[in-house]
Amino acid sequence: MAKPAQGAKYRGSIHDFPGFDPNQDAEALYTAMKGFGSDKEAILDIITSRSNRQRQEVCQSYKSLYGKDLMADLKSEISGDLARLILGLMMPPAHYDAKQLKKAMEGAGTDEKALIEILATRTNAEIRAINEAYKEDYHKSLEDAISSDTSGHFRRILISLATGNREEGGENLDQAREDAQVAAEILEIADTPSGDKTSLETRFMTILCTRSYPHLRRVFQEFIKMTNYDVEHTIKKEMSGDVRDAFVAIVQSVKNKPLFFADKLYKSMKGAGTDEKTLTRIMVSRSEIDLLNIRREFIEKYDKSLHQAIEGDTSGDFLKALLALCGGED
């Protein structure tokens with residue numbers, strides 16, 4: 001079983017496959033794609049039941065056995081939502097996140113929600129790996145990309161998150177009270193405004209973007225004691241636009257990261273159309289980290305399982321692949 005992150009009890013739905021043989025998998029995939037039409041079932045079966053580390057080994061074996069690039073072969077055999085999912089699973093996680101960030105900043109409009117979702121929820125180690133992958137794959141720094149694609153206070157928040165400099169320690173009570181006071185002033189529910197708004201905003205941003213998760217939980221508790229309000233509720237009420245969305249995402253991630261993702265998954269399938277991009281991105285990126293926790297939060301909050309939601313909202317091979325990642329019915 002994959003080891004949970006330190007201090008967390010997170011569990012993914014995908015683990016190392018027992019009795020794994022990369023050559024055997026490479027051969028099976030080659031056979032599945034040979035000739036006219038591909039055996040999608042075989043492709044799905046192998047790729048959704050191996051861990052990412054194992055998939056990388058299969059890529060190596062495929063290249064040494066056939067002198068071909070497995071990713072390129074897969075790309076020519078599958079298309080649409082299924083291709084996005086399968087090719088995403090084949091990428092090392094940091095490169096996958098880097099690609100999602102790049103896509104969010106490509107073209108005319110920026111996908112702010114995707115930028116926030118990734119940068120507000122990754123650990124320092126994950127963020128550092130993403131920075132390296134971004135540089136390697138796109139020959140420019142993630143910070144430069146964010147700078148040229150966003151502006152104002154929102155840009156500063158994203159760049160701060162993208163440095164991966166969040167403190168790792170526990171809580172500090174005196175500091176937490178001071179931080180809660182800053183939050184109360186910026187959110188305009190404290191009686192004693194000190195200093196100008198801009199410097200307060202910067203301090204508030206620094207608190208949310210650099211303090212450790214345990215410390216921020218204490219800050220949120222102190223904030224309630226001080227104001228009788230919940231910090232998330234207050235941010236939603238007092239702020240607006242991308243800045244509000246970014247701060248809310250950080251607060252939700254600190255309070256309960258699996259619940260944050262459960263909400264995003266639910267929204268991606270709610271209503272008439274499906275937001276396949278968000279659905280795919282979360283299922284791919286959380287499958288080995290905390291998807292079992294996300295499933296638990298999902299059924300608790302929405303009275304139906306993630307499995308049921310996916311079944312009711314997608315179809316075909318895409319549905320099969322998502323259910324395989326989901327890892328069972330609750």
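Which residue caps the N-terminal end of α11? In this predicted model, the cap is Asn172, with a side-chain oxygen 3.2 Å from the backbone nitrogen of Asp174. Just after α11, Glu188 adopts a positive phi of about 60 degrees.

Helix pairs come next. Two packed helices are described by the angle between their axes and the distance between the axes. For α4 (residues 70–77) and α5 (residues 80–90), the axes come within 10 Å and cross at roughly 170 degrees. Because angles over 145 degrees count as roughly antiparallel, α4 is roughly antiparallel to α5. On the α4 side, the contact involves Leu70, Met71, Leu74 and Lys75, which meet Ile86, Leu87 and Met90 of α5. By residue type, this contact of α4 with α5 divides into six nonpolar, no polar and one charged.

A second pair is formed by α9 (residues 142–149) and α10 (residues 152–162), whose axes come within 9 Å and cross at roughly 170 degrees. Helices α9 and α10 are therefore roughly antiparallel to each other. Leu142, Glu143, Ile146 and Ser147 of α9 make the contact with Arg155, Leu158, Ile159 and Ala162 of α10. Here the residues of the contact of α9 with α10 divide into five nonpolar, one polar and two charged.

Terms used: Residues are numbered from 1 along each chain as its sequence is written. This is a predicted model: local features need pLDDT of at least 70, side-chain atom pairs count only at pLDDT 80 or more; totals for chains, interfaces and linings use all residues. Side-chain values use heavy atoms; hydrogens and water are left out. Axes are lines fitted to C-alpha atoms, for helices over the stretch in contact, and angles run from 0 to 180 degrees between N-to-C directions. Helices (H or I, at least four residues) and strands (E, at least two) are DSSP runs, numbered from the N terminus. Angles under 35 degrees count as roughly parallel, over 145 as roughly antiparallel, 65 to 115 as roughly perpendicular and the rest as oblique. Contact means heavy atoms within 4.5 Å. Ala, Val, Leu, Ile, Met, Phe, Trp, Tyr, Cys and Pro count as nonpolar, Asp, Glu, Lys and Arg as charged, and the others, Gly among them, as polar. A polar contact is a pair of N or O atoms within 3.5 Å; within protein, one must be able to donate a hydrogen and the other to accept it, and residues adjacent in sequence count only if both atoms are side-chain atoms.
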